[in-house]
Amino acid sequence: MAEGAVQERLRRWRLVLGGDGADGTGCALAGRDAAMDGALSALYGKGEKSRTTGRERAAGLGASAPSVARWLGDVRTYFPSSVVQVMQRDAIDRLGLATLLLEPEMLEAVEPDVHLVGTLLSLDKAMPETTRETARAVVRKVVEDLERRLAPRTRATLTGALDRSARVQRPRHGDIDWNRTIAANLKHYLPEQGTIVPERLVGYGRASRSVRKEVVLCIDQSGSMAASVVYASVFGAVLASMRSISTRLVVFDTAVADLTDRLHDPVDVLFGTQLGGGTDINRALAYCQSRITRPAETVVVLISDLYEGGIREEMLRRVAAMKAAGVQFVTLLALSDEGAPAYDREHAAALAALGAPAFACTPDLFPEVMAAAIEKRPLPIPDTS
C-alpha cells in the first residue's frame with residue numbers, strides 16, 4: 001500500500017480512537033484535524049490527555065450557553081449535516097444539555113431535525129417567552145422540510161387509492177381498469193380473431209369533492225414516541241388538506257386531547273402535545289370510537305408502543321368491535337426512521353390475533369400503508385426477519 005494511503009488510514013483511525021495512549025496509531029494531528037478532534041473530544045472524550053495538545057480530554061462542554069454555541073458552530077463547520085444531528089442528539093443525551101435549549105442563542109446555533117423538535121416539545125412548559133418564538137421558528141423549519149418531502153407523494157398515492165376504491169361499470173375511456181376488464185371478460189375470448197369482446201367494462205371511479213373516507217390518527221404522546229408525534233402531525237395536516245378525506249387527530253397519555261381544529265398548521269398541533277406522562281390506550285380508543293359515524297369508510301391508525309396503563313381487556317374489545325363494524329384498524333409501533341422501539345409484545349400479539357398486526361413504519365412507507373387501508377387490501381408490512 002502506498003505511503004500516502006497508509007497515513008490517511010492512520011489519520012482516520014486516530015480520529016476514531018481519540019488519541020488514547022493505547023490506540024497504536026502513533027499519529028499526531030494538526031490544523032483542521034486537531035480542531036475536529038477537539039470537537040469530538042468535548043463530547044466523547046474519557047478524561048485522558050490529548051496526545052496532540054497535552055490537555056485533558058474530558059467529555060464536557062461547560063455549563064454555559066456561549067461555550068455550547070461555540071461547539072455547535074465548530075461541529076457544523078467540520079462535519080456534514082447528518083453527522084451534526086447525531087452529535088447534537090448525543091450531546092443532549094450524554095451531557096444533559098436540554099435545559100440550555102431554553103436560551104435563544106442556543107436555538108439559533110443548532111441544526112434543526114426531528115429529534116431536536118421532540119426535545120423542544122418536551123421542554124415546552126418550561127420554556128420562557130423570550131425563547132418561545134425562536135423555538136417555534138426551529139420547529140416550523142423542520143415541519144416545512146418534512147412537508148416538502150412527504151406531501152406530494154402522500155397526496156398522489158392516496159388520491160390513486162381513493163379513485164381505485166370506487167369502481168364504476170360505465171367508465172370513460174381514460175378511467176378503464178384494463179387488467180380487471182380483461183379478467184372479467186375472458187369468457188368472451190374469440191380465438192379466430194385473437195381478441196376479447198369486452199362486454200363489461202370495469203373502471204376507476206374519480207374521487208369526488210365530497211368526503212369519501214374518514215381517517216382517525218390516534219397518537220401516543222409518551223416521551224419515547226416524540227419522533228412519531230412529529231411525523232404524524234405532518235401527515236395529519238397533509239391528509240386534512242385533501243377534500244375527499246375527513247381527518248381527525250387525537251393525542252393521548254392518561255388524558256385525551258382532540259387537536260383536529262389545529263390541523264391547518266402542524267406546528268400548532270405539535271405545541272398542543274405534552275410529551276411524557278403515562279398511557280391509557282383504552283381511553284383514547286373509546287374517544288375515537290365515539291366519533292366514528294361511518295365505520296365501513298373509516299381508517300383508525302393507532303400509533304403507540306402499546307405499553308397500556310389502562311384496561312387491557314377493554315382496549316382489545318374496542319379494537320374487535322371496531323373491526324367487526326367494518327373499520328380498517330392499523331397499529332403502528334412507531335412512525336419514524338428509527339425502526340421498532342421497545343414495545344409490549346403481549347399486546348402486539350393480541351392485536352395481531354384480532355387482525356390488526358402491529359409494526360414499525362417509516363415515513364416513506366406510510367402513504368402505501370394508508371393506501372392499502374383505504375382500498376381494504378393487505379397492509380405492506382415490512383419484513384423484519
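The legends below describe close-up views of a predicted model.

Residues are numbered from 1 along each chain as its sequence is written, and side-chain values use heavy atoms, with hydrogens and water left out.

View 1. The chain holds 14 helices and twelve strands, where helices (H or I, at least four residues) and strands (E, at least two) are DSSP runs numbered from the N terminus. Of its 385 residues, 46% count as buried, a class that means under 20% relative accessible area, with exposed meaning over 50% and partly exposed lying in between (1.4 Å probe, protein chains only). Among the contacts with a separation of 6 or more, 71% are made by residues 24 or more positions apart, contact meaning heavy atoms within 4.5 Å.

View 2. E129 counts as exposed because its relative accessibility is 61%. A further salt bridge joins the side chains of R153 and E368 at 3.4 Å, N to O, and this pair links distant parts of the chain, since R153 belongs to helix α7 and E368 to helix α14 (residues 366-375), 215 residues apart. R153, at 37% relative accessibility, counts as partly exposed, and E368, at 30%, also counts as partly exposed.

View 3. The side chains of D258 and R248 meet in a salt bridge of 2.5 Å, N to O. D258 lies in strand β9 (residues 256-258) and R248 in strand β8 (residues 245-252), so the pair ties together parts that are ten residues apart in sequence. D258 is partly exposed, with a relative accessible area of 25%, and R248 is partly exposed with a value of 24%. In the loop between β8 and β9 lies A255, which is partly exposed at 39% relative accessibility; the C-alpha atoms of A255 and G277 are 9.6 Å apart in space, although the two residues are 22 residues apart in sequence.

**View 4. The buried loop residue S304.** S304 is found in the loop between β10 (298-303) and α12 (312-324), and with a relative accessible area of 0% S304 is buried. The side chain of S304 reaches the backbone nitrogen of L306 at 2.9 Å. When residues up to four places away in sequence are not counted, S304 touches D220, M225, F252, I281, L332 and L333.

View 5. The axes of α7 and helix α9 (residues 226-240) come within 9 Å and cross at roughly 50 degrees, axes being lines fitted to C-alpha atoms, for helices over the stretch in contact, with angles that run from 0 to 180 degrees between N-to-C directions. This makes α7 oblique to α9, given that angles under 35 degrees count as roughly parallel, over 145 as roughly antiparallel, 65 to 115 as roughly perpendicular and the rest as oblique. The residues that make the contact include L146, L150 and L158 of α7 and V230, Y231 and F235 of α9. The axes of helix α6 (residues 114-122) and α7 come within 10 Å and cross at roughly 145 degrees, with V114, L116, V117 and L120 of α6 meeting A135, V138, V139, V142 and L146 of α7.

**View 6. The loop residue E338 and its partners.** E338 is placed in the loop between β11 (328-335) and α13 (345-353) and is partly exposed, with a relative accessible area of 48%. Apart from its neighbours within four places in sequence, E338 is in contact with R89 and H115. The side chains of E338 and H115 make a polar contact at 3.1 Å, a term for a pair of N or O atoms within 3.5 Å in which, within protein, one must be able to donate a hydrogen and the other to accept it, and for which residues adjacent in sequence count only if both atoms are side-chain atoms. E338 and A360 are 22 residues apart in sequence and 8.8 Å apart in space, C-alpha to C-alpha.

Methods: This is a predicted model: local features need pLDDT of at least 70, side-chain atom pairs count only at pLDDT 80 or more; totals for chains, interfaces and linings use all residues. A salt bridge is a side-chain nitrogen of Lys or Arg within 4 Å of a carboxyl oxygen of Asp or Glu.
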